[in-house]
Amino acid sequence: MTIGHSGLARLAAAPDAASASSAPAGPYLLEMKGLSKRFGSVTAVSGFDASIAPGEFVTVVGPSGCGKSTLFNIVAGLEEPDAGSILRFEGKGCHAHELLGKVSFMPQRDLLLPWRTVIDNAVIAMEIEGRSRKASRAEARDMLPEFGLAGFGDQYPHQLSGGMRQRVALMRTFMFKRELMLLDEPFGALDALTRTMMQRWLLDVWRQHKRTILFITHDVDEALFLGDRVIVMSARPGRVKLELKVDLPRPRSAELVTSPEFIRLKRIVLEAIEEEAMKSFLASGAAAPQTDAMPEVQP
Amino acid sequence: MSASPLTHPAVTPGGSAALRLLGPLGRLARGLAILLAVFAAWEALVVLFGIRPYYLPRPTVILAALVQTPAPYIQGFLRTLSETLIGFASGALFGIGMGLLFFRARALRELVFPLFIVSQTIPVIAFGALVVLWFGNTLFAKAAIAFYLTFFPVTVNTLLGLESVDPRQEALLRSFGASPLQLMTRLQFPTALPQIFVALRLASSLALVGAIVGEWFGDTVGLGVLLLQGMYTENVVSIWATLLVSALLGTGFYAAVAGAERVLVFWGAEQ
């Protein structure tokens with residue numbers, strides 16, 4: 001893995017003008033206005049508004065069951081939002097299904113195909129696009145070291161560790177070259193140590209590949225550490241509870257999470273999340289709470 | 001990975017490390033050694049308890065009969081093998097094809113699948129009489145009966161396998177813009193393959209049963225014919241010799257299918 005942070009000081013990755021809440025209809029890559037989705041009697045998402053500028057790293061946090069995954073499925077083109085929702089991609093209004101094949105989507109599980117080698121798993125999206133197998137394989141082989149997979153190209157998924165499988169999944173997502181990448185809790189299943197390594201590594205890769213990332217997570221630290229902007233979602237039905245610009249210097253190193261500025265931001269996010277977690281906890285009655293934020297509640 | 005509804009077929013990966021070290025040759029040698037031991041025990045028991053040959057002849061006598069007049073057994077073996085193979089191959093292809101079709105066309109499935117089930121409730125013997133009327137005493141009549149016993153389990157398991165696809169995996173490939181055909185070739189069919197092989201292994205022995213039973217409706221060559229002749233002439237040694245040859249055919253065919261499975265479904269360890 002490449003987790004060096006020397007050199008490269010403060011790459012202006014964040015679009016400076018994107019002061020989230022009050023920005024005019026600027027050159028956004030993705031805009032969502034009044035996005036809603038009902039499943040039968042359950043409203044998963046209601047009136048969700050957010051815009052994402054090119055090159056931005058936006059993280060979404062929220063209590064469990066707040067409709068984060070529904071939101072992602074809509075943006076990935078897998079689910080159509082309800083009538084009245086406005087979805088704009090690259091400045092043009094569109095249906096969700098038109099986004100199929102336009103957005104690089106990575107679900108929570110690695111979902112590698114067990115009968116394909118690392119290389120062949122990484123190139124599947126390019127294969128579906130109809131690109132030459134030989135060329136995409138060669139490209140994948142060149143990318144292996146960057147993803148910490150050098151020498152593992154011809155292994156099968158069951159021969160890899162959880163962290164490596166996740167990196168193959170990320171490589172697959174990166175190789176499907178789309179401006180917008182959707183990452184749905186990609187590190188959720190990893191142990192804490194591997195997780196922080198992967199976070200720093202992801203920032204490196206993001207910096208080099210210059211993509212726009214929308215990243216879902218349960219973990220407030222992760223959201224702040226990675227994002228240019230954090231969107232806190234409300235309890236179901238999901239809408240934007242809080243939008244917070246993360247003005248922390250990049251490149252970000254591990255010590256950042258203990259800095260006073262980080263703690264200040266964390267307190268703001270936690271307060272917002274706690275309120276919502278409480279709501280969804282009460283709403284779900286005696287059901288298991290599963291809220292990551294609960295133990296860290298500050299009065 | 002998704003839990004498949006039936007038990008997973010493949011050899012357990014952890015299995016016996018020693019066995020894997022042996023390799024295929026070692027395994028063959030081990031199998032032969034066990035077979036020899038069984039024959040030796042059989043021989044000893046027959047001699048020791050003075051069992052009359054009418055009930056159980058000595059294996060040496062059976063083998064001697066095989067060696068003395070090998071021609072009918074070799075002919076019978078080849079004939080029954082071809083019937084089995086044709087029936088098995090057509091049944092497997094038809095079964096996989098129908099499984100794919102039923103998976104894609106739900107309406108067709110609701111219409112036709114019950115007919116499949118009804119067809120399987122007809123005893124193979126009753127069906128055999130019809131087949132002989134249609135095809136006469138040809139090789140294809142036997143192959144048709146083997147086919148009849150084969151296609152149904154393959155259809156059912158193909159369908160089961162296709163339906164065990166993880167919807168999240170499907171969503172992922174769709175998000176990459178995969179067409180229905182791409183989904184089928186790159187995800188659904190490979191996912192179903194382990195399940196299909198469960199049925200193919202079952203079908204390999206069913207096809208042999210079909211071929212032998214088919215021969216009972218009338219023919220001049222084949223292992224089933226030899227069995228009938230042995231029965232009518234009370235030639236116990238010939239019956240036993242035919243049994244051994246049938247066992248060889250059945251085991252060999254099963255081993256071939258299982259071998260193909262090991263090569264094609266090499267990832268079976270995962271799930």
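1. Basis. The model is predicted, with local features needing pLDDT of at least 70 and side-chain atom pairs counting only at pLDDT 80 or more, while totals for chains, interfaces and linings use all residues. Residues are numbered from 1 along each chain as its sequence is written, chains are lettered from A and ligands numbered from 1 in the order in which they are written, and side-chain values use heavy atoms, with hydrogens and water left out.

2. Chain A overall. Chain A contains eight helices and 10 strands (DSSP runs numbered from the N terminus: helices H or I of at least four residues, strands E of at least two). Of its 299 residues, 53% are buried (under 20% relative accessible area; exposed is over 50%, partly exposed in between; 1.4 Å probe, protein chains only). Among contacts (heavy atoms within 4.5 Å) with a separation of 6 or more, 71% involve residues 24 or more positions apart. The chain exposes about 12,400 Å², of which carbon and sulfur atoms supply 55% (Shrake-Rupley method, 1.4 Å probe; for residues, only the protein chains shown count as cover).

3. The six-stranded sheet. An open sheet of chain A has the order β6-β7-β8-β3-β9-β10, with mixed pairing (two strands pair if DSSP finds at least two bridges between them). Its edge strands are β6 (104–106) and β10 (240–245), each pairing on one side only. Within the sheet, β3 (residues 57–61) and β9 (residues 229–233) of chain A pair in the parallel sense over four bridges; V60(A) has I231(A) in β9(A) as its bridge partner.

4. The β1–β2 hairpin. Strands β1 (residues 30–39) and β2 (residues 42–52) of chain A run antiparallel and are joined by seven bridges. R38(A) is bridged to T43(A) in β2(A). Two residues lie between the strands, and G40(A) takes a positive phi near 60 degrees.

5. L78(A). This residue sits in the loop between α1 (68–75) and β4 (86–89) of chain A. L78(A) is buried, because its relative accessible area is 16%. Beyond neighbours within four places in sequence, L78(A) contacts N73(A), L100(A) and F105(A), together with A171(B), R174(B) and S175(B) of chain B.

6. Nonpolar patch on chain B. L45(B), L48(B), F49(B), I51(B), Y54(B) and Y55(B) form a nonpolar surface patch with about 700 Å² of accessible area together. Patches consist of residues with over 30% relative accessible area and no salt bridge, like charges being joined within 9 Å and nonpolar side chains (Val, Leu, Ile, Met, Phe, Trp, Tyr) within 5 Å; a salt bridge is a side-chain nitrogen of Lys or Arg within 4 Å of a carboxyl oxygen of Asp or Glu. I51(B) lies in the loop between α1 (17–49) and α2 (59–68) of chain B and is partly exposed, at 31% relative accessible area.
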